[in-house]
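Work through the exercises below with the sequence and the model side by side. Try each task before reading its solution.

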Amino acid sequence: MTATATAWDRIVSVFIWVLAGGFLVLSLSLLTILYLFVNPDRVQPLERLYCKLQLALTFNKQTQRVHPELDPDTQYIFIQNHSSHLDHVAMYTATPHFKQGIELESHFDYPFYGWFMKARGTIPVPKDRSSALDALRRAVRAEVDAGHSILGFPEGHRTTTGRVGPFYDGLFRIAIELGVPIVPVAVTGLFEVLHKGSLVIRPGHEIRVYVGKPIGTADLTDDDVACLRDRVRGVIADEVDADFAMVD
């Protein structure tokens, strides 16, 4: 679904990188400093404004569909496909929930973005996979107890094709253990804007965010992990595949 970048594409992309990249550095620096004095929960209006402007500065527009059964006062684990570095920016403003993200611990070393995530309380995933699930379980429980929702990408990495890849079990196992409902989220259009293996940002696309019907986990057990995982993945993959079909 992505064409080879032309010389003009690259020129436009450099302009966008300068504009959007400068805004990112300034905004995340200010937010990181603000978190030293103010609880991130109270900074939500500024975070949402940042997300809207960051996406707007790529010269792409966003539309969204949110299932009417989504409760703004309930904590969820939002499960999303991973197609671009901008996925969380597009999705964050779709619902009013405070969503705590999950990132590889090594990403916290990135300038500005890593510092921002650490200051905000983003959940780190250790490199050691043997201890990662226990650490993730404790962190998710603490965030839910604090009244926060979780945003996770169970593919574990960005897609290289635009399609939805296999899901890891971890977040689904934790959701069942904690009894937290899961919400499937499909974001399409961002793969065409900025995808893995390319630094070219392409303007003029429509980014579509679909926030699906919450799926309860309270009555499920460990035996239901695979079924829950596949059910959630199916909802997301259907939306992504439908978008591919529409373009084709």
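The exercises that follow use a predicted model.

**Exercise 1. Describe the overall make-up and size of the protein chain.**

Solution. Start with the secondary structure: the protein chain has eight helices and seven strands. Next, take the size. For 248 residues, a compact globule would have a radius of gyration near 18 Å, and the value for the protein chain is 18 Å, so the two agree. Along the principal axes, the C-alpha atoms fill a box of roughly 55 × 50 × 35 Å. Finally, 49% of the 248 residues are buried.

**Exercise 2. State the strand order of the sheet and find its edges.**

Solution. The seven strands form an open sheet in the order β1-β7-β6-β2-β5-β3-β4, and the pairing is mixed. At the edges stand β1 (61-66) and β4 (123-125); each has a single partner strand, so one side of each is left without a neighbour in the sheet. On average, neighbouring strands are turned by 25 degrees against each other, direction ignored.

Strand β3 (residues 99-104) runs parallel to β4, and three bridges join them. Isoleucine 102 has isoleucine 123 in β4 as its bridge partner.

Key:
Residues are numbered from 1 along each chain as its sequence is written. This is a predicted model: local features need pLDDT of at least 70, side-chain atom pairs count only at pLDDT 80 or more; totals for chains, interfaces and linings use all residues. Side-chain values use heavy atoms; hydrogens and water are left out. Two strands pair if DSSP finds at least two bridges between them. Helices (H or I, at least four residues) and strands (E, at least two) are DSSP runs, numbered from the N terminus. Axes are lines fitted to C-alpha atoms, for helices over the stretch in contact, and angles run from 0 to 180 degrees between N-to-C directions. The radius of gyration is taken over C-alpha atoms; the globule rule is 2.2 Å times the number of residues to the power 0.38. Buried means under 20% relative accessible area, exposed over 50%, partly exposed in between (1.4 Å probe, protein chains only).
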